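Subject: Handover of a structure and the findings from it

Dear colleague,

Please find below the structure that I am handing over to you. My notes on what was found in it follow directly after it.

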Amino acid sequence: MRFEHFQFILRRSFSTLSALRFKTASASPARLRSPGISLFKIWQRPLIFRINVLKSASTKAKEDDSNDNRMSFPDKRNEDEWRAVLSPEQFRVLREKGTERRFAGKYDKHFPDEGVFNCAACNAPLYRAKQKFKSGCGWPAYYDSIPGAVSRHVDQSLGIERTEIVCSNCGGHLGHVFKGEGYPTATDERHCVNSISLNFTEDEQKGGGETSDAGEAAAKA
Ligand SMILES: [Zn+2]
């Protein structure tokens, strides 16, 4: 009898414990979830707010960087000063990111053995004649530039991401660079440059010879 009584007590204890555990388990989600959601809601708003703030700050920082970059070129002439020394078409392309008509540029079919293509705005040397190749694209194409002479920026102006190239000395717009098109060149890159952004000189020594020290430093960097 004592053993049976002991068994009875054990069963009661077990069922009581099970009931308690079930009660706790069934109650726990409700009790824990509510404050969890509340906390989540409380923290979600500032978190999203913070993310949005960070995103907008990041976007603004990029825009500021872009503007700062444009203002940080060694040649800091303002737009009025550029307008005074460039032709209207040069100004449109170099300062307003225009594009000359396909096959219309003077250097599209110009393939000298030696020489340098300088920036038409500031005269900094940008490309060597040997870096030019026949792409058939309708604009002068170079597989590489003089080291440091050309800077790259992300350009999303047409709703697609392209890489704009500008003169590292004055920020003048040159064109865009495309990669992985399969041209049999050392870099598989095509610097697609507007002829009007360039001035060619046969004398390699004169490449950028009339530009400022900053221009030469930018080209040699
Ligand atoms: Zn330039």
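I begin with C119, which is found in strand β1; helices (H or I, at least four residues) and strands (E, at least two) are DSSP runs, numbered from the N terminus. C119 is buried, because 30 other C-beta atoms lie within 10 Å. By definition, a residue is buried if 20 or more other C-beta atoms lie within 10 Å of its own, exposed if 12 or fewer, and partly exposed in between, with C-beta atoms placed from the backbone.

Before going further, please note that this is a predicted model: local features need pLDDT of at least 70, side-chain atom pairs count only at pLDDT 80 or more, and totals for chains, interfaces and linings use all residues. Residues are numbered from 1 along each chain as its sequence is written.

Which residues are in contact with C119, leaving aside its neighbours within four places in sequence? They are A124, L126, C167, N169, C170, G172 and S197. Two residues are in contact if their C-beta atoms, placed from the backbone, lie within 7 Å.

The core

C119 also belongs to the residues with the most contacts inside the largest nonpolar core, together with A121, L126 and C167. This core has 30 residues. A nonpolar core is a set of buried Ala, Val, Leu, Ile, Met, Phe, Trp, Tyr and Cys residues joined through C-beta atoms within 7 Å. At least two residues of the core come from each of α3 (88-94), β1, β2, β4 (141-142), β6, β7 and β8. A121 touches W82, L86, L94, C167, C170 and G172, if residues up to four places away in sequence are not counted.

The chain as a whole

The chain contains 4 helices and 9 strands. Along the sequence they follow the pattern α-α-α-β-β-β-β-β-β-β-β-β-α. The chain has 221 residues, of which 26% count as buried. Among contacts between residues at least 6 apart in sequence, 62% join residues at least 24 apart.

Strands of a sheet pair through backbone hydrogen bonds, either parallel or antiparallel. Here, two strands count as paired if DSSP finds at least two bridges between them.

Strand β1 (residues 116-119) is joined to β2 by 3 bridges, and F117 stands opposite Y127 in β2. T201 is found in strand β9. T201 counts as partly exposed because it has 19 C-beta neighbours inside 10 Å. T201 and P112 are 89 residues apart in sequence, and their C-alpha atoms are 9.8 Å apart in space.

The sheet of 6 strands

Another open sheet has 6 strands in the order β3-β4-β8-β7-β6-β5, again with antiparallel pairing. β3 (132-133) and β5 stand at its edges, each with a single partner strand, so one side of each is left without a neighbour in the sheet.

Strand β5 (residues 150-155) and strand β6 (residues 162-167) are joined by 6 bridges, and D155 stands opposite R162 in β6. These two strands form a hairpin with 6 residues between them, and G159 in the turn has a positive phi of about 85°. β6 is also joined to strand β7 (residues 173-179), by 4 bridges; the bridge partner of V166 in β7 is H173. β6 and β7 form a hairpin with 5 residues between them, where G171 in the turn has a positive phi of about 80°. β7 pairs in turn with strand β8 (residues 189-193) over 5 bridges, and H176 stands opposite C192 in β8.

Two loop residues

What value does phi take in K97? Phi of K97 is near 60°, a positive value in a residue other than glycine. K97 is found in the loop between α3 and β1. Phi of D188, in the loop between β7 and β8, is near 55°, also positive in a residue other than glycine.

Yours sincerely
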